[in-house]
Amino acid sequence: MSESKTSSLYCSNIDIPSGGVGLLLIDPQNDFHPGGSLAIADADKDAERISKLIKENLEKIDHIYVTLDSHQKYHIAHPLFWVNEQKVHPTPFTTVTKKDVENGKWKPTRAEHRIWGLHYVSELERKGNFALTIWPEHCLIGTPGHCVRGVIQEALQAWEDAKEKAVSYIVKGNNSKTEHYSAIKAEVIVPGEEDLTDLNRTLLDELSRHDKVLICGQASS
């Protein structure tokens, strides 16, 4: 397991101050808001509150971190990654279990991922957290659904203008072979790709520099 203190998931573009208040904003993207492919019903109300929090505390918030769920269409938790014997992809919200993969009910579409697919669902079950759920395609890189909700983006830009510095954006989920519910670490580490999937020590180190970290957004993981 990698012990690196740097991660390509996180690109520091400005010095982070010690002390003060950090704001960690979780996945405030269009696809998790009404009209998006994986919408949360009351997310727009949250977005308004988050925007108000930022705008009313421009000088009090010392740094802002924003995680961005960032997927390819071909991703282990999207339909395209899996196929059955009839070459049909699973519908959204299908559960794919270790038993399903072992008996051939579902298998990775691409042959080079067959071994990994079984390993992945086996690891999920071994950990006992959850089985693999196939989600509707969401937060596809380059699509409107990947963008930060407008009202929040306006507030983030107002903060950047006030502080004359950049928001730190943390990309997660862009490795198609594993899920990344948390920006801290992927659900299953991909060997040889630890920089994208192992513990994001850089982000943890920077968050720990603050006296207080506020957390808000659209996902609790």
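The structure is a predicted model, in which local features need pLDDT of at least 70 and side-chain atom pairs count only at pLDDT 80 or more, whereas totals for chains, interfaces and linings use all residues. Residues are numbered from 1 along each chain as its sequence is written, and side-chain values use heavy atoms, with hydrogens and water left out.

**View 1. Surface and charge of the chain.** Side chains comprise 25 positive and 32 negative ones, and the centres of the two sets are 4 Å apart. Lys and Arg count as positive, Asp and Glu as negative, while His and the chain ends are not counted. Each charge is placed at NZ of Lys, CZ of Arg, CG of Asp or CD of Glu.

**View 2. Fold and dimensions.** Six helices and eight strands make up the secondary structure, in the sequence order β-α-β-β-β-α-β-α-β-α-β-α-α-β. These elements are DSSP runs numbered from the N terminus (helices: H or I, at least four residues; strands: E, at least two). The C-alpha trace spans about 60 × 40 × 30 Å along its principal axes. Of the contacts (heavy atoms within 4.5 Å) with a separation of 6 or more, 74% join residues 24 or more positions apart.

**View 3. I152, a buried residue of helix α4.** Buried denotes under 20% relative accessible area, exposed over 50%, and partly exposed in between (1.4 Å probe, protein chains only). Of the 221 residues, 47% count as buried. I152 lies in helix α4 and is buried, because its relative accessible area is 1%. Beyond its neighbours within four places in sequence, I152 contacts L25, P28, A47 and I50. H210, 58 residues from I152 in sequence, is 22 Å away, C-alpha to C-alpha.

**View 4. E154, an exposed residue of helix α4.** E154 also belongs to helix α4, residues 150–163. The residue is exposed, because its relative accessible area is 52%. The C-alpha atoms of E154 and K55 are separated by 9.2 Å, although these residues are 99 positions apart along the chain.

View 5. pLDDT is the predictor's confidence in each residue, from 0 to 100. The chain averages 91, and 92% of the residues score at least 70. Over residues 1–9 pLDDT stays under 50, and the model has 27 contacts beyond four places in sequence for them.
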